[in-house]
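Have the sequence and the 3D view open as you read.

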Amino acid sequence: MCLFSDKIMRDAVQEDGKLDVSKLSSQGPTLYELEIIARSSSAIADVASHVLRKSGPPKPIPLEIVLDAPSWHYFQVVHVNLASGRCTPAEALDWLQAVKLRCEQVTTVFENSVRHEMGLRGVPAGLYRILAAPETAGVGTCIRQALISGMVPDIADCMDAICEVEGERWAMFYSLISEKDRPCDFRSLGNLFYIYEVVRPALAAKDGSTATELESSGPNSALDDSSSSGHSDMFDSALRLRANLERPLILSIDDRAERKIYSKAQAFIKKIRRAPQIPSHPLLLELYSARRVFINGNTGGDSLYWKDPSPRPLGMNTTAGGPELEAFGVIRNLYGNDCAQNLQRWFSEAGIHVSGRT
C-alpha cells in the first residue's frame, strides 16, 4: 500500500522546494489508508484461509504473508530539491524520518487488522506468519547515513548497499535486467524495487520448495467474492500446480491501478523460469478486488490515493446542503462499525492521532 495520499505528499513540499514535515507528522489516518487496510485485510484473510485449507496438513514452514509499504521510495520526491540546494540534508532527513515512521505505524495497523480477520475465519496463529517487507536491502539506511553526514545520497552507493545486503538473490534479479532498463536515479530504482519485492520469493526458492507466499504490496486486495465457485476453482488449480510441480506459488494482492507492476513482474517470472542459473520455477497469481470508493462516478477510473480529499471530510458542499462525512464514517458505512472502531483503536495505539467522529 502507499502512505498518506498524493495531495498530502505534494503539500509537504512547498513551491520553493522547502519541506513542511508538519504536513506528514501531524496527519491523522487518511481515507485512502483506512479503506486500503479494511479491504485488503479481509481479502488477504479470505485467500490465506483458503490456501491453508486446501494445502493439507500444516507444513513445518507456515504460510508467509508479506505486507509491503514504501518508505525510502518517497525520497525521489525530495531528491531533486536537495540536489539543487532548495532544501538541506537535515531537512530532507527529517522529512524521510517522518515517512519511515508513518510506514512503521501503518504496517503495524495493517498487521493487526490481518490477524484480526484471520482470527474471525478460525485460522490458528501458528499456521501463518506476517512479515513486513524488509527495508529493501539497506537503501533507506544508506540514504539516511548520507543525509546525517550532510551529503546528497548517491544512487551508486545505494546500489552497492543492495549488492552487499541482498547478495546472490539481487545478483540473479539484476542479471535479468537489460542495460536500458537499469536504474539511473531514485525514481527508477524505486519503481524497480516494487517489481523485485514481488518476485523476491522466486529468487530465494530452491528446487523442491513448496513455499507459498501471499504478498500484499498494495492498496486494495484480492477477490470480489472469494467464496464463489469460479474463484475457488482457480485457487484449487493453482494449488494443484504447486503440488505437482513443486514450485513456489506467489499470490500478489493489490489494486488494479498497480497492474503495470505485475505485468512487468510476470515478464521477470518468465525470465526466471528460463534462466539456467536460477533453480526455481515459480508461479505468480495476481489477485485484485473491486473498488468500493469511487471518484466522480468512476468516470476516469481514478484510484482513491490520487483523489483522497483528506484531511478534509467528504461532502464539503455544505452551502448546498451536502453533508460532511468523516473518513471513519465512510469505513463504518462500507465495512461496519466494528471495523471502524478497531481501526480507530489500532491507529491510536500506533501513535497516529485520530480525530473526528466514528
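Rings of Phe, Tyr and Trp (its six-membered ring) count as a pair if their centres lie within 6.5 Å; planes under 30 degrees apart are stacked, over 60 edge-to-face, and the rest tilted. By that rule, the structure holds 12 aromatic pairs. Keep in mind that this is a predicted model, where local features need pLDDT of at least 70, side-chain atom pairs count only at pLDDT 80 or more, and totals for chains, interfaces and linings use all residues. Residues are numbered from 1 along each chain as its sequence is written, and side-chain values use heavy atoms, with hydrogens and water left out.

**Aromatic rings**

- One aromatic cluster is formed by W72, W170, F173, Y174, F193, Y196 and F268.
- W170 and F173 make a tilted pair, 5.5 Å centre to centre with 40° between the planes.
- These two sit three residues apart in helix 8 (residues 168-174), so about one helical turn separates W170 from F173.
- W170 is buried at 2% relative accessibility, and F173 is buried too, at 0% (buried means under 20% relative accessible area, exposed over 50%, partly exposed in between, with a 1.4 Å probe and protein chains only).
- F173 also pairs with F268: ring centres are 4.7 Å apart and the planes are at 25°, so this pair is stacked.
- Because F173 is in helix 8 and F268 in helix 11 (residues 259-274), the pair ties together parts 95 residues apart in sequence.
- F268 is buried, with a relative accessible area of 9%.

**Helix 5 against helix 14**

- Helices here are DSSP runs (H or I, at least four residues), numbered from the N terminus.
- Helix 5 (residues 89-120) and helix 14 (residues 337-349) pack at about 140°, with axes 9 Å apart; axes are lines fitted to C-alpha atoms over the stretch in contact, and angles run from 0 to 180 degrees between N-to-C directions.
- Helix 5 and helix 14 are therefore oblique to each other (under 35 degrees is roughly parallel, over 145 roughly antiparallel, 65 to 115 roughly perpendicular, and the rest oblique).
- V106, V109, N112, S113 and H116 of helix 5 make the contact with N342, L343, W346 and F347 of helix 14, contact meaning heavy atoms within 4.5 Å.

**Helix 3 against helix 5**

- Helix 3 (residues 31-54) packs on helix 5 at about 45°, with the axes 8 Å apart.
- That makes helix 3 oblique to helix 5.
- On the helix 3 side the contact includes E33, I37 and L52, and on the helix 5 side R102, V106 and M118 are among the residues.
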